[in-house]
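User: I would like to learn how to read a few features of a protein model. Please take them one at a time, with the general idea before the case.
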Amino acid sequence: MTYASQEKNWAIFCHLGGFAGYIIPFGNIIVPLVLWLIKRDESPFVNQHGKEALNFNISFIIYAFISGLLCLILIGFALLAVLVILQIVFIINASMCASRGEYYHYPLTIRLIS
């Protein structure tokens, strides 16, 4: 199935919004949430990608919090580094899939929004 370039762009922005967390606290949840809420009724493609991006970023926050607690016993520092690398790789991969008009499911994601 082919999607309009505008739909693909919105889906890409939902994923790339995950990087906003490096600039704004909880931006990695706020930006995809706002984009998803704006476009979810207009496009099933954007709806699916927005939910995936939100689920991943919420899961990432949970994993980062647990890793932060584990920093008290020094294990968390390595886990935080791994999380950052995985987040970057997964977001880029999801954005590339959205640009090709494909659906993407993030690995290691808790499905909170279905």
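User: Does Y106 count as buried or exposed?

Analyst: This is a predicted model, in which local features need pLDDT of at least 70 and side-chain atom pairs count only at pLDDT 80 or more, while totals for chains, interfaces and linings use all residues. Residues are numbered from 1 along each chain as its sequence is written, and side-chain values use heavy atoms, with hydrogens and water left out. Buried means under 20% relative accessible area, exposed over 50%, and partly exposed in between (1.4 Å probe, protein chains only). Y106 has a relative accessibility of 2%, so Y106 counts as buried.

User: How many aromatic pairs are there?

Analyst: A pair of aromatic rings is described by the distance of the centres and the angle of the planes. Rings of Phe, Tyr and Trp (its six-membered ring) pair if their centres lie within 6.5 Å; planes under 30 degrees apart are stacked, over 60 edge-to-face, and the rest tilted. The count here is 5 aromatic pairs. One of them is F56 with F60, a tilted pair at 6.4 Å centre to centre with 35 degrees between the planes. Both residues lie in helix α3 (residues 44-70), 4 residues apart, about one turn of the helix. Helices here are DSSP runs (H or I, at least four residues), numbered from the N terminus.

User: Which kind of pair do F56 and Y106 form?

Analyst: F56 and Y106 are stacked, 4.2 Å centre to centre and 10 degrees between the planes. This pair links distant parts of the chain, with F56 in helix α3 and Y106 in the segment after α4 (75-99), 50 residues apart. F56 has a relative accessible area of 5%, so F56 is buried. Ring pairs join F56, F60, F90, Y104 and Y106 into a cluster.

User: At what angle do the axes of α3 and α4 cross?

Analyst: Two packed helices are described by the angle between their axes and the distance between the axes. Axes are lines fitted to C-alpha atoms, for helices over the stretch in contact, and angles run from 0 to 180 degrees between N-to-C directions. The axes of α3 and α4 cross at roughly 170 degrees and come within 9 Å. α3 is therefore roughly antiparallel to α4; the cut-offs are under 35 degrees for roughly parallel, over 145 for roughly antiparallel, 65 to 115 for roughly perpendicular, and oblique for the rest. The residues of this contact (heavy atoms within 4.5 Å) divide into 14 nonpolar, 6 polar and no charged. Ala, Val, Leu, Ile, Met, Phe, Trp, Tyr, Cys and Pro count as nonpolar, Asp, Glu, Lys and Arg as charged, and the others, Gly among them, as polar.

User: And are α1 and α3 roughly parallel or antiparallel?

Analyst: The axes of helix α1 (residues 5-16) and α3 come within 8 Å and cross at roughly 5 degrees, so the two are roughly parallel. By class, the contact of α1 with α3 has 6 nonpolar, 3 polar and 3 charged residues.

User: Where does the charged end of R40 sit?

Analyst: The charged end of R40 sits over the ring of W36, 4.9 Å from its centre. The rule asks for NZ of Lys or CZ of Arg within 6 Å of the ring centre and within 35 degrees of the ring normal. Leaving aside neighbours within four places in sequence, N47 is in contact with W36 and R40.

User: What phi does L74 have?

Analyst: Most residues other than glycine have a negative phi. L74, although not a glycine, has a positive phi of about 70 degrees. L74 lies in the loop between α3 and α4 and, at 63% relative accessibility, counts as exposed.
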